[in-house]
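Colleague: I am new to this structure and would like to learn how to read its features one at a time. Could you show it to me and take me through it slowly?

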Amino acid sequence: MPQCNEKIEVLVSDNCSTDSTPNIIKEYQNKWGNISYWCNETNLKTDRNCIKCLQKAKGKYTWLMSDDDIINGECS
């Protein structure tokens, strides 16, 4: 993430998880100002959660990722 510039918008849509996601995201938000986070009150299932996230996105392009996806390489 440090190699990504402020033009990258990171949206985290927590689909009503019960783990420590809010705390982990808060740590990243403290390091980088381009992360938005929200936790759904109920589990919206995959499709509705993705749609909600896309509706909140402000950029021209999107890249949907899941919790088990890994990025290798640098942002450009």
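Modeller: Let us begin with a term: a residue is called buried when its relative accessible area is under 20%, exposed when that value is over 50%, and partly exposed in between. What you see is a predicted model, and in its chain of 76 residues the buried ones make up 20%.

Colleague: Which elements does the chain have, and in what order do they run from the N terminus on?

Modeller: The chain has two helices and two strands, and their order, read from the N terminus, is β-α-β-α. Strand β1 covers 10-14 and helix α1 covers 21-31, strand β2 covers 35-39, and helix α2 covers 45-56.

Colleague: How should I read a pair of aromatic rings, and which residues form such a pair here?

Modeller: In general, two values describe a pair of aromatic rings, namely the distance of the centres and the angle of the planes. In this model the count comes to one aromatic pair. That pair is formed by Tyr28 and Trp32, whose ring centres lie 5.8 Å apart with 20° between the planes, and because planes under 30 degrees apart count as stacked, this pair is stacked.

Colleague: Is Tyr28 itself buried, exposed or partly exposed, and what lies over its face?

Modeller: Tyr28 has a relative accessible area of 39%, so it is partly exposed. Over the face of Tyr28 lies Lys31, at 5.9 Å from the ring centre.

Colleague: Which lysine lies over the face of Trp38, and where in the chain is Trp38 found?

Modeller: The lysine is Lys56, which lies at 4.5 Å from the ring centre of Trp38. Trp38 belongs to strand β2 and counts as buried, because its relative accessibility is 12%.

Colleague: Why does Asn40 count as buried, and which side chains does it contact?

Modeller: Asn40 lies in the loop between β2 and α2, and it counts as buried because its relative accessibility is 3%, where the cut-off is under 20%. Its side chain is joined to that of Asn15 by a polar contact of 3.1 Å, and to that of Asn49 by a polar contact of 2.9 Å.

Colleague: Which residues other than glycine have a positive phi, and where are they found?

Modeller: Among them is Cys16, which is not a glycine and yet has a positive phi of about 70°; Cys16 is found in the loop between β1 and α1. With 31% relative accessibility, Cys16 counts as partly exposed. Lys45 also has a positive phi, near 70°, but Lys45 is found in helix α2, and at 58% relative accessibility it counts as exposed.

Colleague: Which residues form a nonpolar patch on the surface?

Modeller: The patch is formed by Trp63, Met65 and Ile71, which together have about 360 Å² of accessible area. Met65 is found in the segment after α2, and because its relative accessible area is 40%, Met65 is partly exposed.

Definitions and conventions:
Residues numbered from 1 in each chain as written. Predicted model: local features only at pLDDT ≥ 70, side-chain atom pairs only at ≥ 80, totals over all residues. Heavy atoms only, no water. Phe/Tyr/Trp six-rings, centres within 6.5 Å; stacked < 30°, edge-to-face > 60°. Buried < 20%, exposed > 50% of the residue type's maximum accessible area, 1.4 Å probe, protein only. Lys NZ or Arg CZ within 6 Å of the ring centre and 35° of its normal. Patch = residues over 30% accessible without salt bridge, like charges linked within 9 Å, V, L, I, M, F, W, Y side chains within 5 Å. Areas by Shrake-Rupley, 256 points an atom, 1.4 Å probe, with all protein chains shown as cover. Salt bridge = Lys/Arg side-chain N within 4 Å of Asp/Glu carboxyl O. Helix = DSSP H or I, 4+ residues; strand = E, 2+ residues; numbered from the N terminus. Polar contact = N/O pair within 3.5 Å; in protein donor to acceptor, adjacent residues only side chain to side chain.
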